[in-house]
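Dear colleague,

Please find below the structure that I am handing over to you, together with its sequence. My findings follow directly after it.

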Amino acid sequence: MFKSNQLFKGSLTTIILSLLEQNDKMYGYEITQKVKELTQTDLKITEGALYPALHKLEGEGLLTVTIEKVGNRNRKYYQLTENGKTETVNKLADLRDFIEQMQLILNTKLSSQ
Amino acid sequence: MKNELTQEQVAQLFDFTRKHYVEYYDVQVELVDHLASSIETEMEQNPNLSFEQALNKVFSGFGIFGFDGIAQTKGDAVAKQQRKLWQQKFLELLQWPNLIKSICIFIIIYLLFSLFDKESIIIIFSGLLVVWSLSLLLKEGIYTKRTLKKKLVLISHRYQYLGFCYAPIYIYQFFGDWLIAQQTWLLSLLFTVLILELIAYQITSKLIFKEAKELYPEAFKDFVVSN
């Protein structure tokens, strides 16, 4: 079970990019719900953290937006750009490397104790 | 079954974002959809919850700073994105076939510097850049006032790049002798680059307005509601 969200805050952009890679296009509320669903509510992306991260990715040209009319309101959908797709692959590779390194460090420490 | 919020409740949410100092319509749209989706889920899970109670519960999810950080980061992101677009358009002016026009501008400026008094040409081009940029701002200001009925963060960061137009005036004012002493090709290059930057601004600005109208047509006065 995830007891701390702190570890995940640094990986928020990777989580968003990864979700968009799997789901083509998503809107803000849908992203928060998807993260909740995947982590069985242990990891909560707060709205105060999600939107600045989405806007930052949009500013970097990794996401593009479209607006669609849904019922009686407009909905803003985010989608990966070509640069975004490349960046997602790179970020996921970085994260895997980091996890491997951490495992190596922790295993070495544990075995030397 | 999930009950969709009514038109009045959605309008209430827009009021709510405005009361929490979110002045830009394009930021409001996203927040309203998030609040509405979240409220609909809350009311579905707890049918006894009123709309106002659900709204308060949902808003607490935004933390103690509420919408503050969101509006700020959106502005920063827009500024960054548009600066990149401006740089891209500038670089396009240095690529084929635009490069021909850019070289022509350089040659004309070079000839003017070679044929006439250097100082006079510096003053004329410095003044031209200022007048040109001010006329653009005025034109866009009038267009915005005539066509826009809601504020958009998407079109509020355009002016930030125009500061470069005033650079030659300042340089001339404080380092006039040094500027005049520069070689003709260097001065021609300087003014060519500044003119191209201004042309790139014009192209970027048009694209920004076009994108704003495509994404948020209801923010413009000529928008017709269709049922």
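A salt bridge is counted here where a side-chain nitrogen of Lys or Arg lies within 4 Å of a carboxyl oxygen of Asp or Glu. By this rule, the interface of chain A and chain B holds six salt bridges. Please bear in mind that the model is predicted.

The interface

Chain A contributes 25 residues to the contact, and chain B contributes 27 residues. Between them the two chains bury about 2,400 Å², of which 50% is on carbon and sulfur atoms. On the side of chain A, the residues that lose the most area to chain B are Tyr29(A), Asn72(A) and Arg73(A), which together account for 29% of what that side buries.

One of the salt bridges pairs Glu58(A) with Lys74(B), with 3.2 Å between the closest N and O atoms. Glu58(A) also forms a salt bridge with Lys76(A), where the closest N and O atoms are 3.8 Å apart. This second pair links distant parts of the chain, since Lys76(A) belongs to strand β3 (residues 73-80) of chain A and Glu58(A) to helix α4 (residues 47-59) of chain A, 18 residues apart. Over all chains, a search of the whole structure gives 15 salt bridges.

Helix packing in chain B

In the first, helix α6 (residues 118-147) of chain B packs with helix α7 (residues 167-180) of chain B at an angle of about 165 degrees, and their axes are 11 Å apart. Because angles over 145 degrees count as roughly antiparallel, α6(B) is roughly antiparallel to α7(B). The crossing of α6(B) past α7(B) is right-handed. By class, this contact of α6(B) with α7(B) comprises nine nonpolar, two polar and two charged residues. Among them are Ile122(B), Ile123(B) and Val130(B) from α6(B), and Pro168(B), Ile169(B) and Tyr172(B) from α7(B).

In the second pair, helix α4 (residues 68-92) of chain B and helix α8 (residues 184-215) of chain B have axes that come within 8 Å and cross at roughly 125 degrees. The helices α4(B) and α8(B) are therefore oblique to each other, and α4(B) passes α8(B) in a right-handed crossing. The residues making this contact include Leu85(B), Trp86(B) and Phe90(B) of α4(B), as well as Leu196(B), Tyr201(B) and Leu207(B) of α8(B). By class, the contact of α4(B) with α8(B) has 10 nonpolar, two polar and two charged residues.

With kind regards

Methods. Residues numbered from 1 in each chain as written. Chains lettered and ligands numbered in written order. Predicted model: local features only at pLDDT ≥ 70, side-chain atom pairs only at ≥ 80, totals over all residues. Heavy atoms only, no water. Axes fitted to C-alpha atoms, helices over the stretch in contact; angles between N-to-C directions. Helix = DSSP H or I, 4+ residues; strand = E, 2+ residues; numbered from the N terminus. Parallel < 35°, antiparallel > 145°, perpendicular 65-115°, else oblique. Left-handed = near helix turned anticlockwise from the far one by under 90°. Contact = heavy atoms within 4.5 Å. Nonpolar A, V, L, I, M, F, W, Y, C, P; charged D, E, K, R; others polar. Buried area = accessible area lost by both parts, 1.4 Å probe.
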